[in-house]
Amino acid sequence: MWRVAARRLLRAGGTGNLRSASGAAAAELRRRLESQLEDIRGAGTWKSERVIASRQGPHLRLAGGGAGILNFCANNYLGLSSHPEVIRAAVEALEKFGAGLSSVRFICGTQSIHKDLEEKIARFHQREDAILYASCFDANAGIFEALLTPEDAVLSDELNHASIIDGIRLCKANKYRYKHMDMQDLEAKLQDAQKHRLRLVATDGAFSMDGDIAPLKEICQLAQKYDALVFIDECHATGFLGPNGRGTDELLGVMDKVTIINSTLGKALGGAAGGYTTGPKPLIDLLRQRSRPYLFSNSLPPAVVGCASKALDLLMESNAIAQSMAAKTQRFRSKMTAAGFTISGKDHPICPVMLGDARLASVMAEDMLNRGIYVIGFSYPVVPKGKARIRVQISAVHSDEDIDRCVEAFIEIGRKHGALP
Ligand code: PLP
């Protein structure tokens, strides 16, 4: 019966019959939106999206052709996004626990797998407890407001991720922005912040535009000197930095000095979605009571929980995947440097090939794709003026041949456009 009704409705309205509001306000809105879109195009900052017709991985098929594209621009650092065991775990969780919870956690949205994953995350990072969010963007949006009051202070690296900046905007603490990784400036700001009750230094562990790693040892020393807490965003570190992939704090030997970690399940840890905070138990308990993106948003879907849980199992069993990614990174960085390119950062799988000129970055990235290698050029306002680059991201599942093909293409295209002699 309902099928007949639905067919009638479709015939009457039809999918081609798009509805849009009429009236002066709607017309004014449309005019304003079109003008803004034109401005974005005019400024050359329009972001277009390439449509992928295959799974995420080192080799892609693009919609409308383009098979066998070598992919060097995903955050799939460990290649777990399409790992067969990760996919199987997702399917099993989907079948056993359903498509989703249709609820926030505190009403009827907590399943045993959510509790298990939180326990696993805390164990992985050697922290007391953990709390899941729909994304790390949400984890960053939810923590500062819940934790800090107008009597407190937060000191943030000027190049921190947008979600940290937004999270800090939402809180009422006194805000200090220190120069990127500048310990003198951080110390000056910490001295000024002594008048506040509690101080929290917030930094990305690894910065995604430059592939540089925060000087956590020095930050923790200053935090100790000026009685501050340290928060790190480990989205570009969890799973692969440090001898066991625990992250920047493990790499730099300060696991016992960093108080709070936020990270994502949407990059190295299976790549599906989700984020978390891990740290002291009372903090996690407070976030469950007060953190708005946690309280007022749906629970993570079981399939997503299954992916992340399996990814963590794989990493806790062995550090072989993380080691393999480190070796591939080293191969790319050393070959590119030997060829005469400048690669920003150090030992990180984010390898920005520094070109300076925005047009050069854009045409070289386009030419790389014509050669079957997918990389992205970044220029102002995403990165500072005059510091345009092509960002290459290495994954454990790239083969040595993939890396060599990419380097050879860079050399050929770099010569063609005058980026190399
Ligand atoms: N923090 C950093 C440093 C990131 O790079 C990102 C993602 O781009 C996020 C937070 C947000 O993570 P998610 O994709 O889980 O929201």
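Predicted model: local features only at pLDDT ≥ 70, side-chain atom pairs only at ≥ 80, totals over all residues.

Colleague: Great. Which residues come nearest to the ligand?

Modeller: There are 13 residues around the ligand, and C136, D233, H236, T264 and K267 come nearest. A residue is near if one of its heavy atoms lies within 4 Å of the molecule.

Colleague: What is the make-up of that shell by class?

Modeller: The shell has three nonpolar, seven polar and three charged residues. In that scheme Asp, Glu, Lys and Arg are charged, Ala, Val, Leu, Ile, Met, Phe, Trp, Tyr, Cys and Pro are nonpolar, and the others, Gly among them, are polar.

Colleague: And which helix gives the most to the shell?

Modeller: That's α6, residues 136-147, with three residues. Helices (H or I, at least four residues) and strands (E, at least two) are DSSP runs, numbered from the N terminus.

Colleague: Now the side chains: how far is D233 from a ligand nitrogen?

Modeller: An N or O atom in the side chain of D233 is 2.6 Å from a ligand nitrogen. For H161, the distance to a ligand nitrogen is 3.4 Å. The side chain of H236 has an N or O atom 2.7 Å from a ligand oxygen. The protein covers 80% of the 390 Å² of accessible area that the ligand has on its own, using the Shrake-Rupley method with a 1.4 Å probe.

Colleague: Switching topic, what does UniProt list for residues 69-410?

Modeller: The unreviewed UniProt entry gives "domain: Aminotransferase class I/classII large" there. Over that stretch the chain is 44% helix and 18% strand, with the end C-alpha atoms 15 Å apart.

Colleague: Where is the cis peptide bond?

Modeller: Between Y380 and P381, with omega about 10°. P381 is in the loop between β15 (376-378) and β16 (388-393).

Colleague: And D227, is that one buried or exposed?

Modeller: D227 counts as exposed because its relative accessibility is 57%; exposed means over 50%, buried under 20%, and partly exposed in between (1.4 Å probe, protein chains only). Its phi is near 55°, a positive value in a residue other than glycine. Most residues other than glycine have a negative phi.

Notes:
Residues numbered from 1 in each chain as written. Heavy atoms only, no water. Polar contact = N/O pair within 3.5 Å; in protein donor to acceptor, adjacent residues only side chain to side chain. UniProt positions renumbered as here; feature names shortened; annotations may be inferred.
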